[in-house]
Amino acid sequence: MREINIYTSFFIMIIALAICIGSLKLSIYTPRGPGPGFMSFGTGGILFLLSFHLFLKSLFSRTEGGAKDAYPKNIKTTSLILSALMFYALFLEKLGFILDSFLVFSFLFAISRTMKWYASIACSLSLALGSYVLFSVFLGIGLPRGMLNFFR
Amino acid sequence: MWESILLGFSVVLQPINLLLCFVGVLIGTLIGVLPGLGPGATIALLFPVTLGMAPTSAIILLAGIFYGAQYGGSTTSILVNIPGEAASVVTCLDGHRMALQGRAGPALGIAALGSFVAGTVSVVGLMVLAVPLSSFALRFGPPEYFGLLTLGMTLVVYLAQKSVQKALISALLGIFISQVGIDQISSAQRFTFGLGELFDGISMVPLVMGLFGLGEVLLSLERGISKISVITHVKNLLPNLQDWKDSTWPVIRGSVLGFFLGVLPGGGPTLSSFASYGLEKRLSKRPERFGNGAIEGVAGPEAANNSATGGSFVPLLTLGVPTNVVMALLFSALMVHGVQPGPLLIKQYPDVFWGLIISMYLGNAILLVLNLPLITIWIKLLKIPYGILFPLIIMFTLIGAYSERGLAFDVFVMIVFGVVGYLMRKCEYEPAPLVLGFVLGDILEESLRRSLIMSDGSVFIFFERPISAAFLIFAMLLLISNSIPLLKERLKTLEKVEII
C-alpha cells in the first residue's frame, strides 16, 4: 500500500495544484465579499496540504503491508467492459437505445461466458427490448430511438 | 400529534402511495439480497422515474428501497456468507454459522422480527425528535449552518472505516466537484472548460451510479464472486422460546443504539450494526459464543441497522442535512420536487413528512409479512450466476445515468466515476465521503460566503454566535482527539530512537 499511497497522493497533489491555479483565474475575493474562486481555492489548498502530508508519510514509511490487493487484476476484462461502455456512450444517440444496448449486452454476455452464443444474443435482444418497454413506455423515461426512429 | 398521524395515514392509504410503498420495499429487499447493487445506486437509478410523481409518492418509494435493503441484506449474509449490504457484514459472523448448524430458519426469523421491532422504535423516535429539533433549527442562520455542516463533514470523516486522512481527501474532492458549473452568487463559470453540459454542474445520479454501481461491478468481477454456495435448506423460521429469551434485550438495545447512531452524520446502518455487535459481545456472560452461532449476534446488529435507517431521516428532515449517501439522494429527490428539506418542512409540507413516517411504519409491516414467506424465492435469486447479473446491473447504471437529463454526456460521466470508484476502493479511499462532500458542498459554500458577506469578511462571526461556535469547537475537538493517538505514537518512536 505504501507504493500505491505515494502514487495516489502525488496525483492528488497535482489535481490540488490545478484546482488552486484554476481558482486564481476566477476571482477569490471581491470588494463585496468572497468571489467564485474562494471555496475552490480553499478546498484545493487543504487538499494539497493533506496529499503532501500523505505523500511524505508514505515516502518515509517503512511498512509495506496490504499491497497485494491494491494493484488491478483481470485488467483485460475490465478494459473490455470499459471499452464497450465507451462505445455505448458514443453511439447511444446515433444507433438508438435498443440497437446500442443489444450490441453492448451481446458483447458483455459473451465475455462473461455464462451461456452459449445464441442464448447470449436472445438474452441481449430481450433485455434491450424489455428495458425499452419498461423504462420508456411504462415509466416515461425518454430513451433515444436513433436509427430506429422510423418506427414512430 | 394524533391529527398529524391521521394525516399520515390518509396520505399513505391512498392506493398509489400504498402500491409505491410495497414496490419500494420489494425492490429494496431484492437489491439487498443480491450482492453488487446497493440502495444508493438503486435509488439513483429510480430517481428519474420519480420525477413525474407527487413528492410524497416519490419519497415513499425511494425511502422504501433504503429500509427494505436492510432486511434483504441479512438473507444473503445468513445463507451465503456474503453481505448483500455493507450493514449486513456483521450478520455473516453468527448468522451464517447458525445456518451451517442447521438453524438458518431462526436466524432469518429473528433478523426479520428484530428488524420490525427496530423499525417501529425508529419511527416513534423520529416522530418524537423531529418536531422539537425543527423548532430549534429555525434559529439557524448561515453561520450556524456552516458550523453544523462542518461538524457533519468532520463526523463523516472521523467515523471513516479506514484512514481518516483519506476520508478527508475524498470529502474535499467531493466539495470541489460540487463547485463545477455556474456560480449561483456571481454567475461566473467555474471549471466547465467551455462545455455546455457542465454549466449546470455535474449531475448527482451519474456520479452515484458510477461510484457505487459500475465501480462495485468492476471490483466484484475482479474478486470473482461467481462461485457461491447457498444454504437452501431452511425450516422453522420462528425462533424458539430460548431464542426469544436470548434476543429480546439485544433487539431493544440495538434499536435504541441504532437510532441514535443513525442520527449522527456518517453513522447510519453500517456503523450501528458494528457498534451493536460489539456491545452485545461485551455485555454477554459467554462472549466466546460470538462468532460461533450466537443468536444475539444476529438480533442486535439487524435491529440496529434497521433502526438507524429511521434515525438517518432526523437530520435530513429537520435540519436539511443529509448524513449518508442515501439521504443525500433523498435530499436531491425532495429538492427536485420543490420541497426544501429543513426546519420548515414539517410546517410547509406536513403531508410529505407525516406521509413518509407512516409509510415507514407500514413498510416495516409489509416487509415482515413479505420477507419470511418469500425466503425460497430469494434463495433462488441468489443462485443466478454473476456473469448474468453484472450486465443487468451495468444496464441499470447506463439507463439511470442517461435518463435524468437525457444526455449521452452523463453516460461518460458515469463511466469516469465508475473507474474513479473502482480505483478509490483499490487504493482504500472511501467513496461515501466524496458523495457527501459533493451534496453538502453547495450549501457549505453558500453558508460560508453569506456569513462572510454578513460580517464584512470577519471569520469571528462563526465564534461570536454560540450555536455555530459550539458546532465548530466540537468539530475541532474531534479532529484533535483523532490526532492525539498519532502524536503519542510518534513521541514513542522518537523516544525509542533517542534510546538507541
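Predicted model: local features only at pLDDT ≥ 70, side-chain atom pairs only at ≥ 80, totals over all residues.
Colleague: How is chain A divided into domains?

Modeller: Chain A is divided into domain 1, which covers residues 2–59, and domain 2, which covers residues 75–151. Taken over C-alpha atoms, the centres of domain 1 of chain A and domain 2 of chain A are separated by 40 Å.

Colleague: Moving to chain B, what span should helix H5 have, and how far apart are its ends?

Modeller: Helix H5 of chain B runs over residues 89–100, and at 1.5 Å a residue its twelve residues should span 16 Å, which agrees with the 17 Å between its end C-alpha atoms.

Colleague: Which residues of H5(B) are buried?

Modeller: The buried residues are Val90(B), Thr91(B), Cys92(B), Asp94(B), Gly95(B), His96(B), Met98(B) and Ala99(B).

Colleague: And what covers those buried residues of H5(B)?

Modeller: The cover includes four helices of chain B, namely H4 (55–80), H6 (104–137), H11 (268–283) and H12 (296–319). Just after H5(B), there is also Gly102(B), which takes a positive phi of about 85°.

Colleague: New topic: how many aromatic pairs are there over all chains?

Modeller: Counting ring pairs whose centres lie within 6.5 Å, the total comes to 16 aromatic pairs over all chains. One of them joins Phe48(A) and Phe52(A), whose ring centres are 6.0 Å apart with the planes at 5°, so this pair is stacked.

Colleague: Why does 5° make Phe48(A) and Phe52(A) stacked?

Modeller: Because planes under 30 degrees apart count as stacked, and the planes of Phe48(A) and Phe52(A) are at 5°.

Colleague: Where do Phe48(A) and Phe52(A) lie?

Modeller: Both lie in helix H2 of chain A, residues 38–59, where they are four residues apart, or about one turn of the helix. Phe48(A) is partly exposed, with a relative accessible area of 24%, and Phe52(A) also counts as partly exposed, at 35%.

Colleague: What about Phe87(A) and Phe91(A), how are their rings arranged?

Modeller: Their ring centres are 4.8 Å apart and their planes are at 40°, so the pair is tilted. Phe87(A) and Phe91(A) are four residues apart in helix H3 of chain A, residues 75–95, and are therefore separated by about one helical turn. Phe87(A) is partly exposed at 32% relative accessibility, as is Phe91(A) with a relative accessible area of 31%.

Colleague: Back to chain B: which residues do ring pairs link into a cluster?

Modeller: Ring pairs link Phe136(B), Phe140(B), Tyr145(B) and Phe471(B) into a cluster.

Colleague: And what sits over the ring of Tyr429(B)?

Modeller: The charged end of Lys166(B) sits over that ring, 4.9 Å from the ring's centre.

Methods:
Residues numbered from 1 in each chain as written. Chains lettered and ligands numbered in written order. Heavy atoms only, no water. Domains from an automatic or database assignment. Helix = DSSP H or I, 4+ residues; strand = E, 2+ residues; numbered from the N terminus. Expected span 1.5 Å × (residues − 1). Buried < 20%, exposed > 50% of the residue type's maximum accessible area, 1.4 Å probe, protein only. Contact = heavy atoms within 4.5 Å. Phe/Tyr/Trp six-rings, centres within 6.5 Å; stacked < 30°, edge-to-face > 60°. Lys NZ or Arg CZ within 6 Å of the ring centre and 35° of its normal.
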